[in-house]
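Take the points one at a time, and keep the 3D view open as you go.

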Amino acid sequence: MEDDEGAEEQERFSHRQRLKAAVHYTVGCLCEDVASDKEVQFSKQTIAAISELTFRQCEHFAKDLEMFARHAKRSTINTEDVKLLARRSNSLLKYITEKNEELTQFNIEQRAKKKKKLEDDKTKSLAPAEAAASGRDSSAPSPGAEAAFGEGRQEQVRP
Amino acid sequence: MEATGGGFRKELVSKLLQMHFKDSKTKVSGDALRLMAELLTIFVVEAAIRSVRQAQAEDLALVDVDQLEKVLPQLLLDF
C-alpha cells in the first residue's frame with residue numbers, strides 16, 4: 001500500500017518536474033528574443049527565476065479562473081473568465097480584449113470556410129448517389145462533417 | 001504583434017492549469033486556452049523587458065536577479 005502511494009507521489013513529482021522543464025524552455029526562448037532585441041544578456045539565475053515565477057503564477061491564474069467559472073455556474077472556463085483575470089492593468093486588459101476579438105473573427109472565418117467546404121462536398125456526393133438510385137441516405141458525408149465540427153466546436157461567447 | 005516562435009503552447013498551458021484545479025470537472029475552452037497562452041507569454045516578456053529597463057537604468061549589460069527583484073513588486077501588482 002505504501003509502495004503504491006510512494007510510486008504515485010514519484011509520478012506526480014516527475015510530472016511536475018517535466019512541466020517545469022517545459023516552462024523553463026519556453027521562458028528561455030522568450031528571454032533570448034528579448035535579449036537579442038535589446039542587446040543585453042540575461043544571467044542563468046534570472047531566467048530560472050522568471051521560470052519559477054511563471055510556474056507559480058499559473059497556480060494563482062488557475063484557481064482564479066476556476067472560481068470565476070464556478071461563480072458563473074459553468075464548469076468550462078471561457079474567454080470572459082480570462083478577460084476578468086487580466087483586469088488589473090488597463091493596457092493588459094485592452095491587449096487581451098483585442099486578441100479575443102481577433103480570435104472570434106478568425107473562428108467566424110474558419111466556420112464559414114468549413115461550411116462552404118461541406119456544401120461543396122455535399123453537391124459532389126449527391127450526384128453519384130442519385131445515379132445509384134437506391135434508397136441510400138444522403139447522410140454519407142456526415143461522419144466527416146462531425147469530425148470537422150467536433151474539432152472546431154467552441155462555446156458561443158456570451159457577453 | 002503575433003505570438004513569436006517562443007510563445008507558450010496550448011497543450012503546455014492546459015496541463016499547467018489542470019494541475020491546480022480543485023474540481024476534476026473543470027475544463028478550459030479552446031479560445032480561453034489560446035488567450036491564456038498569450039497572457040503567459042506577455043507575463044514572461046514583461047518580466048524580461050522590465051528587468052532589462054532596470055539594468056539599463058543602472059548602466060549594466062548583464063541582467064541579473066537583483067534587477068528582477070526590483071521590478072517584481074510592480075509586475076505582480078499588474079497581473
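**Notes on a two-chain model**

1. Let us begin with one residue. A:Gln57 is buried, because its relative accessible area is 7%, and the cut-off for being buried is under 20%. Please keep in mind throughout that this is a predicted model.

2. Where does A:Gln57 sit in chain A? Look for helix H2 of chain A, which covers residues 44-71: A:Gln57 is found there.

3. Which residues is A:Gln57 in contact with, once its neighbours within four places in sequence are left aside? The answer takes you to chain B: the contacts are B:Phe43, B:Leu76 and B:Phe79.

4. How much of chain A is buried? Of its 159 residues, 28% are. The accessible surface of chain A is about 11,200 Å², and carbon and sulfur atoms hold 52% of that area. Among the chain A contacts with a separation of 6 or more, 41% join residues 24 or more positions apart.

5. Chain B comes next, with three helices and two strands. From its N terminus the order is α-β-α-β-α. Chain B is more spread out than a compact globule, because its radius of gyration is 16 Å, well over the 12 Å that the globule rule gives for 79 residues. Along the principal axes, the C-alpha atoms of chain B fill a box of roughly 50 × 30 × 15 Å.

6. In chain B, 49% of the 79 residues count as buried. Its accessible surface comes to about 3,900 Å², with 53% belonging to carbon and sulfur atoms. For contacts in chain B with a separation of 6 or more, residues 24 or more positions apart account for 45%.

7. Finally, have a look at the charges. Chain B carries 10 positive and 12 negative side chains. The centres of these two sets in chain B lie 12 Å apart.

Note on methods
Residues are numbered from 1 along each chain as its sequence is written. Chains are lettered from A and ligands numbered from 1 in the order in which they are written. This is a predicted model: local features need pLDDT of at least 70, side-chain atom pairs count only at pLDDT 80 or more; totals for chains, interfaces and linings use all residues. Side-chain values use heavy atoms; hydrogens and water are left out. Helices (H or I, at least four residues) and strands (E, at least two) are DSSP runs, numbered from the N terminus. The radius of gyration is taken over C-alpha atoms; the globule rule is 2.2 Å times the number of residues to the power 0.38. Buried means under 20% relative accessible area, exposed over 50%, partly exposed in between (1.4 Å probe, protein chains only). Contact means heavy atoms within 4.5 Å. Accessible areas come from the Shrake-Rupley method with a 1.4 Å probe; for residues, only the protein chains shown count as cover. Lys and Arg count as positive and Asp and Glu as negative; His and the chain ends are not counted. The place of a charge is taken as NZ of Lys, CZ of Arg, CG of Asp or CD of Glu.
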